[in-house]
Structures are given as C-alpha cells and as structure tokens.
Amino acid sequence: MTYRISDSLIAEDNEKRAPALEEDYAALGRQLERRGLDIEAITQKIAAFAVAVPTWGVGTGGTRFARFPGGGEPRDIFDKLEDCATIHQLTRATPTASPHFPWDKVSDYRVLAERAKALGIGFDAVNSNTFQDQPGQKLSYKFGSLTHASKAARDQAVAHNVECIEIGEKLGSKALTVWIADGSNFPGQSNLTHVFDWYLESLGEIVARLPGHWRVFLEHKLYEPAFYSTVIADWGSSLIAAQALGPQAFCLVDLGHHAPNVNIEQIVSRLIRAGKLAGFHFNDSKYGDDDLDAGSIDPFRLYRVFHELINAAERKAPNFDPAYMIDQSHNVTDPIESLIVSAVEIERAYAQALAVDRAALQAAQEESDVMEAHRLFKAGFLTDVSPILAEARRRKGGAIDPIATYRASGYRARKAEERPAVAGSSSGIV
Ligand code: LRH
Ligand code: MN
C-alpha cells in the first residue's frame with residue numbers, strides 16, 4: 001500500500017486555521033458588500049471551478065541544458081496519477097489530469113482507468129506527440145509530422161493521433177489536443193503554403209475519426225523547436241484551420257506561445273467571438289515558452305484573461321465551453337507544490353475578476369470615462385481574495401493552507417522512500 005495523505009490530517013490542520021479564516025472571510029464579505037458585491041456568489045463560483053493538471057508536470061522538468069530530478073520522482077503514469085490525486089486532495093480544484101502519449105502509455109487502459117477512479121481523478125484532453133521519434137518508429141518526424149512532405153510520414157502521424165483518440169475513449173476523455181513542432185529553420189526549407197494544406201488534410205482525417213461529442217484542440221506556438229517558421233505559429237493560422245475543419249475543431253491558447261507583449265486577452269476575446277475558444281494551457285513566461293508557474297511573473301495578465309472569460313459567460317457567448325488545463329515545467333521546485341500554487345493562483349485570478357462592479361464599469365466605458373473605467377477594472381485585481389479561495393477549499397474538504405498541510409504530511413519524503421530513484425533523462429523537458 002503506498003502512502004496517501006489522510007483526510008484527518010487535513011481536517012486537523014484546518015481546525016487550527018479555521019478561526020482566522022472565518023474572521024478574514026467575514027471582513028472581506030463586508031468590504032465586498034460595500035462595493036455591491038456578494039462574497040457568497042463569488043465563493044460558489046470558485047468552488048465550482050476546476051483546472052486539469054498535466055501528467056508530464058508532476059515529474060521534475062528540465063531544459064535542453066539539464067534536468068535535476070528530486071526525490072520520489074514518479075516512475076510511470078500510476079505514480080503520476082497518485083501525485084495528481086494529492087494535488088486535488090489538498091486544493092479540491094484539480095479533479096482531472098491531462099495525459100500525454102506515448103509518455104503515459106500502458107498495456108491495459110482499463111487498469112489505468114480503474115486506478116484513476118480509485119484515486120478520485122478523471123482524465124481531461126489527451127495530448128498526442130509527433131514531436132519526438134519513438135524507438136522502432138518507421139518514419140522520422142525530423143522534418144515534420146502532420147505536415148511532412150512525405151504522405152507516408154503524414155499518414156503515420158495521423159495514425160498516432162487516431163490511436164490517442166482510441167486510448168482517450170477508454171479513459172473517458174472528450175478531447176484531443178494537437179500541438180505539432182512542424183516548421184523550418186531556413187527560408188526555403190519548406191513551402192509555407194503546402195505545409196498548411198497538408199495540415200488541413202491531416203487534421204481532416206483526424207477529425208473524421210473523432211467520436212461525435214469529442215473536440216479537437218489546435219495549439220498554436222510562435223516558435224521552438226523550429227526557429228524560422230512554425231506551421232501553426234499564431235491564433236490566425238489556428239482559427240483559419242479550426243473554421244475549415246468544422247464544428248468539432250477549436251483553438252487552444254497556451255499563454256507561453258506568443259511573442260513578448262502580445263495582448264493575449266484580446267486574442268481570447270476574438271476566439272470567443274468566433275465561437276472557437278478551446279481553452280487554455282495556463283503557465284507564465286518572461287521571455288519565450290518558459291513554462292513557468294501560472295501567476296508567478298504576470299498575475300495581472302492572467303486576471304485580464306479571466307475578465308474576458310467572465311464577460312463571455314455573462315453574455316452567454318455561443319459555443320463557449322473552455323477547457324482549463326495547466327502546462328508547465330517545474331525545473332527548480334517540488335512539482336506538486338508548484339501545481340498546488342498554480343491551481344490556487346488561477347482560481348485567484350478568476351475570483352479577483354469576479355470582484356468587479358461590471359455595471360459601473362460598462363457605464364464608465366460607454367461614457368469614455370477612461371480613469372474611472374480603468375479604476376473599476378483594476379479594483380478586482382487589488383482585492384485580496386485569499387479568504388474566498390481558502391473557504392472554497394475548506395467547504396470541499398481541501399486544505400485551508402495546502403502547502404503547509406502538504407509539507408506537514410511528509411508526502412515527498414515518503415515517496416522518496418517508496419520510489420527508488422530512476423535514471424531520468426539528463427536533459428529535456430520531462
Ligand atoms: C508545446 C506544449 C504542448 C505540449 C508540450 C509538453 O510547447 O505546450 O502543449 O504537448 O508543451
Ligand atoms: Mn501547451
């Protein structure tokens with residue numbers, strides 16, 4: 001039997017913190033009431049919020065230079081699910097995990113589905129991988145996959161995506177995320193139009209194999225690993241493709257996949273208006289696709305994104321059903337701690353964006369009262385909503401202070417005993 005944190009340990013730790021939380025929650029309630037806002041309404045929305053964790057994020061991540069694994073590294077998808085379940089146990093905000101194939105491949109997916117169920121975890125979108133070659137693979141993806149100049153290589157990549165759909169069906173997923181590294185490093189290396197035609201052809205074959213209620217999430221990325229051109233480099237290419245591919249195709253926004261200073265919340269509002277927003281890979285970045293912890297560098301940006309999401313929900317935007325997922329690489333922290341804090345910071349941005357007097361904001365916008373509009377918009381971001389986040393966790397049986405409870409549990413040390421150190425790859429993201 002492997003070690004699991006007991007609910008009684010969480011309850012004991014919460015007992016110590018409950019009086020202070022009650023006081024802070026009441027005080028915040030009074031402050032919000034003075035601003036015409038109902039704390040209970042916000043807390044219930046936060047309690048209903050969920051974000052998926054990436055299975056590839058619970059192991060220590062790395063870069064092309066190096067990876068420094070910590071103790072108790074997950075050895076396989078079963079260990080990864082245990083760690084995902086621990087994050088959910090403490091935050092009550094991450095009931096699903098997003099798997100990646102073939103990194104999470106097993107021989108019997110019924111066993112995997114049963115284990116996940118026993119751990120109280122479900123599966124979110126499955127991720128395909130045609131950005132690496134697998135041992136014994138017939139054709140290489142060095143020069144592309146779904147947009148490779150050779151039809152045989154494209155067919156091989158399509159077949160892998162179809163296999164991911166079949167696996168996802170066994171796990172109860174309802175979506176496939178397709179990110180491809182396809183692109184070029186030299187002007188002239190590839191025909192910029194043909195590759196997009198092949199992308200649509202290949203994705204068309206994949207969409208044709210999607211179960212009726214499934215969606216496919218197209219993930220754009222400006223660059224890396226290709227450094228001159230990337231086939232699906234921006235939201236425009238992704239939207240053209242999603243519109244060409246029909247009602248099951250949507251555009252996924254990974255916050256780290258844009259040039260510095262791009263107005264991502266405006267891209268989000270455009271994709272929502274087009275009825276094509278798939279959802280998000282939440283993370284943060286300072287320079288490139290840094291895959292840093294959500295809210296750690298630019299929490300105001302995350303806040304501005306949630307503002308657009310609340311606008312869409314309030315006006316009941318058509319086709320608006322975003323999937324919320326985290327996609328990060330934890331190179332210098334305990335991945336479990338990073339994912340706990342990231343889930344909390346994503347909820348924080350949502351709760352802050354709910355703490356806005358939207359009627360007054362709309363009035364100021366219509367009167368072009370710039371400073372009043374900006375002041376009202378920012379008021380939510382300037383609100384410390386921590387009591388709301390903790391209260392939502394407490395009500396669902398989570399930890400009032402998840403990091404403190406996690407550390408008090410000694411979970412990492414126990415896993416270091418249970419999981420003999422594995423010879424991990426000395427570099428690379430996973
Ligand atoms: C590409 C990406 C994609 C995943 C990978 C792990 O940069 O964001 O979503 O497949 O990271
Ligand atoms: Mn991503």
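User: At about what angle to E10 does helix H8 run?
Analyst: This is a predicted model, in which local features need pLDDT of at least 70 and side-chain atom pairs count only at pLDDT 80 or more, while totals for chains, interfaces and linings use all residues. Residues are numbered from 1 along each chain as its sequence is written, chains are lettered from A and ligands numbered from 1 in the order in which they are written, and side-chain values use heavy atoms, without hydrogens or water. Helices (H or I, at least four residues) and strands (E, at least two) are DSSP runs numbered from the N terminus; axes are lines fitted to C-alpha atoms, for helices over the stretch in contact (heavy atoms within 4.5 Å), with angles from 0 to 180 degrees between N-to-C directions. Helix H8, residues 264–273, lies across E9 and E10, and its angle to E10 is about 155 degrees.

User: Which residue of E10 stands opposite leucine 252?
Analyst: Strand E9 (residues 249–254) runs parallel to strand E10 (residues 277–282), and four bridges join them; two strands pair if DSSP finds at least two bridges between them. Opposite leucine 252 stands glycine 279.

User: Which strands stand at the edges of the sheet of six strands?
Analyst: The open sheet has the order E4-E5-E7-E9-E10-E11, with parallel pairing. Two of its strands have a single partner strand each, so one side of each is left without a neighbour in the sheet; they are E4 (126–127) and E11 (323–326).

User: Which helix lies across E4 and strand E5?
Analyst: Strand E5 comprises residues 175–178. The helix spans residues 151–171 and runs at about 145 degrees to E5; it is helix H5.

User: Which residue of E2 stands opposite valine 53?
Analyst: Three strands form an open, parallel sheet in the order E1-E2-E3. Strands E1 (53–54) and E3 (122–123) stand at the edges, so each has one side without a neighbour in the sheet. E1 pairs with strand E2 (residues 96–98) in the parallel sense over two bridges. The residue opposite valine 53 is alanine 97.
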